[in-house]
Structure formats: structure tokens, C-alpha cells
Amino acid sequence: MKIFTKPLHWLMGACVVTTLSVWGVTLQTPLEASSHREAPLIADDPLADNTDVYAFVSPNDPERVVLIANYIPFQLPQGGPNYYTFGENVRYEIHVKNNGASAGDDITYRFTFSRTNQDPTTFFNVRLGQQNLKTTYTCEKSVNGGGFTTIVSNGVVPAYNIGPRSINTGVGLSQPSYTALRQSAVTTASGGGNEQVFCGSADDPFFVDLGAVFDLAGVRLNQGHRDGLAKYNVNSIALSVPIATLQKNGQPAAARANILDPNYVIGVWASASRPTMRTLSATGGPTTANTTYVQVSRLGMPLTNEAINPIGSKDLWNRRTPYNEDAITDDYLSNPELGLYMDARQFGGAVPALSALRIQTSSLAGFPGLPATGFDFGNTKPGLFPLKGSSAVAGTALDDAAFGNYLLVAGKPRSVDIKPIFHTGVPNLPPYQLATGKNGNPLAPGKPFVNNFLPLTASGRTNPGGDMLRLNMAVPATARNSPDFSNQGLLAAAVLGLTDARFNGNTNLQFIPNMDGFPNGRRLEDEVVKIELQAVSGAALAAIGLWYDDYTPTSASPVTPQLRGVLNFSTGVESNDTTFRAAFPYVQTPWEGYRIRR
């Protein structure tokens, strides 16, 4: 059943599985980091700007999941005297869906913040043990759409990492270290959920060469580390939650049927909401606001509102939820603009930096029992639609009796891969299993490697899709010190499942390292820009047996030059500019204002 006989190491230049990046669906709007200043209105409201969302099984406790939502992008660590902190009159929320048949959130965590000046006689932020703009928070929790109950009162947001005199000395806060000050702010919530909570500043964990991306996707290779977010901070809301608290039936991970148990899939997204009306004081007094809020920012899957929605749709998208998603977003996913720059028949020559990424236009052409011209996944082309309703897809996810009407749409070829990755998750059904054991038929059963399928099926819904970061909590965490650990996420798992003798000799369900990586959730380390670019170029299709065009009936192996080009593609920035912490809250200590050098 082995598909490849070559060793893995020469394949693993740049593995990845998921979807889009770099540009929006129209030419007007390049990518703004993961979700930093990604829409016109939220760019003017940084305190409410949700930059990234992460969800992963804790590497330290198999019975816990870590949820992180970051806000307030591009913070200069030295940006005093009024250092960055969470906004008042903003509701920051982390939303969890664990039952696709119910309406709305199944669990919501709401955070609101208050500030006070302990020493209004000074312009310093910290002096003689007192702190100005000292920030505290309340965390409330709602379950199954019910009322909110307070689970943390007067939670402490640590002072900003100003510098050693402000943090460590007697003229400041007299703390032994900033790390100690920060860890002392971690608290355990009441209410029986046993959540650990942290709210405070952190290094921005996202990484990308912003300068190159903005310059018409001119990705720089072998020119040094040019992380456009290096040495910037963000504000993080982090939760460590028992899996039993998040699982729809209250079950721990130990009770799972297997490591792809569908009952352990959750969808996670975050938002920020503002009062619909605020009144400013003419005398410098506090701002007053009404109690009606409107959502101004949201984020689930990285890069949705940057690289999928055109500029005219971005502000509206920020005001919707996964439960009332605009159906046109499905169309943007099914014919991604970025695909035009990976197709030589379209504008494939317009972006030389993406020349290694080419979408399948005649996959499996000439193979017995398949269409003579193969399968074409270029924008507006047929893709797998010619198989709709045929016996070839019977018993698969593409069967009309299953999800064929959503996944196979005329003129929308990426409705079979990019759309479900973003809007429903991917089921453990053919054809969404690795090519291992398929014997050349991409529609046959293969080796399982993903199941984060959570369609939204509440009564009255006609579209099962909604943008959330979907995580199967039954999948164990890959140890961060494992030699198999890769920030290429699920594509790294796919490469191992196809090429490594530990996994490619059978079609049994077994844990493959990095099955817990993006887009099955998102770990802090995951290189989502490269993963999504490779997915748009057809990497996920190739993993399930829809190989690249240069694989022919006379080829010795599907590991062709085109596949190697995709796997070895590089964005130039492959990792964060600093490490991550080994324990909760995992995001790294924020950069210090005194010592920072840009």
C-alpha cells in the first residue's frame, strides 16, 4: 500500500494543507498580516481589532484545550507614556460551537475591562508602587445561549513591560521579574468550569514578510529574516479549558471513541463589539455609552477577511457571525482570486514569487476509468463537478445523499477543498483521506488523517457553512520537542502518512504527528501563510490523490517536479522572531520598551 518509496526528509521542504493567503479577492487590497487592520473601519479602531485566534490541545495536559484571541496590532513596546491596554466600552468575546444542530454559540466567554489611575499627579505610567491606566477585567460565561454568569471578578491585567526601573526597582513596582509579574496574573475561574484565564500583553506570535507581501506578493527568498511583525506586541486573552467543559456531552478526552471522534469537534471564533452610541465629554471627563452593542470585528480562520473577501465586503463581514454568514463568501472560497496567479492560463506570470505554485488543470489525465482530460481546478473550471450524482461518488462525502450538493457546484471547483476547510471542516470520509491505499482512485477509501467536520445544521438553515477555527479535541498534541514536530501543520501529517514507513503501509487510523496542526485548530507555531498558499495551489487535493499535471500513467511516482516545487515553496519567513513559552499562557512575554531596538 505504500505510495512513495523515497525517504521523507527530501520532501519536507515546505509541507502544508489548507487555504488562502496574501491577497484579497479583488486587486485593491493586499493582505494585512493575519487580521491586522484588515478592513477599512476596524483599521481606525485598533483597540477592537481582533488580530488572530488560536485553538489547540495543550502540549502539557491532554485533557485541556488552549484558546487565545489577540487584539490591538502593531504595538510599539516603547509607546509610552500611555501604554497599550484593553479598551473600555468594548466587549471582547471568545465563542465556542460544539453542536452543529443548535442555534448560535454553545459557550461564550465575555471580557470587559476597566481602567483607573492610582497616581494622577504624575505623567509616568508607573511610579512608587502605583500604576496609572491600571486595568482590571470581568469575565462572564454563557452556556447554551443562556444568561451570562461572572466567573472572574477584578481580574488583573499586568502592567506593560516598560523597563527595569518601572518593573523591578523600588521606584517602580518592585517585582523580581516581569515574567513573575505576568504569571501572577493567571487566575482560575469560578463556576465549575475550571478554566485558567490570562489577559495581558504579549509578543505578537504571527509572522510574515509584510513588506514583500504588500509589494504585489514579491515574496523574498534567501534574503534574511524580515518578519514585518518582529518586536511588536499585542494584547492576548488566553483560556486553558478542560476538554470536558467544551465537549458537548461533558466528556473528557479519555472517553473518546478514537482520535478522530466527531463528537469532540468544536468551532472557535472571537469578536469585539462597541456600544452603538458614545458621548464624549467637553470637559475631559469620562466617555459615556449606551448599553446596546454592535459587533465591529471577528475572526475564526486566519486570513478570511484579508485574502478572501473583497474590500467592499470586509466591514459587513466583520458585523456578521458564522451563524448568518453571507453566502457570497462561499463563492469567494470556491473561486479564490489567488488561484488566478497560480494558473498559467490566467495571470500565472504576474507574480514570479509564486511560480512554484501551480494548480492542477489536468489531474490524472489519461488514467484508465477517469475522464480523458483529467480534472481541472482552475477558477470557474469544472473541478470534480462532472462526477456529481454519478456512481463514482456513491458512498463518499460527495454523494448527493451526503454533502454533494454543497461540495460539488458547477463553475466553482474549489468548493470541494478550500470551501469546506474554511466553512464546515473536513469529514473523515472518502475522498478526504490520504492517497495511501487508494491504488490510484482518489475517490476510494484511504488512510484517515483529519476529521474536524462541524456543519451548521440548525433548523431553518439552508447553508451549513460558517467561518470558524475548527478543532477536533480528540486528536492528541504533538510534543513540541518531538523530531516529527513541524509548523507545517496538517500537511506535514499528510506527507508522513504518504511517505513514512511507520504510517504508509496500511490504511488504519493511527496518530500521525501534526494531525493536531492547522487547519485542525491552530497552534502558535503553525505557518499559516505558507500552508494556505500551498493549499490554494492544490496541495490538499494532491494529498488525497488528485496529483499534479506532470504525473502521467508512465510516471514512476506521483512525487513529480511540480509536487516537489509546491512542497519546497518558501515564504521567506518560516517562524516567529522569538520562542513561545512552555506553559500557559504560551504566548511569549511582551517586548520590553526600554531595551527594544528596531
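## The sheet

Two strands pair here if DSSP finds at least two bridges between them, and the strands themselves (E, at least two residues) are DSSP runs numbered from the N terminus, as are helices (H or I, at least four residues). With that in hand, look at Thr 187: its bridge partner in S10 is Val 197. S9 and strand S10 (residues 196-203) pair in the antiparallel sense over two bridges.

Zooming out, five strands make an open sheet, running S1-S2-S11-S10-S9 with antiparallel pairing. Strand S1 (50-57) and strand S9 (187-188) sit at the edges, each pairing on one side only.

## A word on the model

This is a predicted model, where local features need pLDDT of at least 70, side-chain atom pairs count only at pLDDT 80 or more, and totals for chains, interfaces and linings use all residues. Residues are numbered from 1 along each chain as its sequence is written, and side-chain values use heavy atoms, with hydrogens and water left out.

## Cysteines without a bond

You'll find zero disulfides in the structure, a disulfide being a pair of cysteine sulfur atoms within 2.5 Å.

## Helix H11

Helix H11 (528-536) is mostly covered, with nine of its nine residues buried. Among them are Lys 530, Glu 532 and Gln 534. The cover includes helix H9 (418-423), H10, helix H12 (539-543) and helix H13 (561-567).

Just after H11, Gly 538 takes a positive phi of about 100 degrees.

Asp 516 is in the loop between helix H10 (489-499) and helix H11. Is Asp 516 buried or exposed? Asp 516 counts as buried because its relative accessibility is 3%.

The side chains of Asp 516 and Arg 523 are joined by a polar contact of 3.4 Å; that term covers N or O atom pairs within 3.5 Å, where, within protein, one must be able to donate a hydrogen and the other to accept it, and residues adjacent in sequence count only if both atoms are side-chain atoms. Leaving out residues up to four places away in sequence, Asp 516 touches (heavy atoms within 4.5 Å) Val 475, Pro 476, Ala 477, Thr 478, Arg 480 and Arg 523.

Terms used. Buried means under 20% relative accessible area, exposed over 50%, partly exposed in between (1.4 Å probe, protein chains only).
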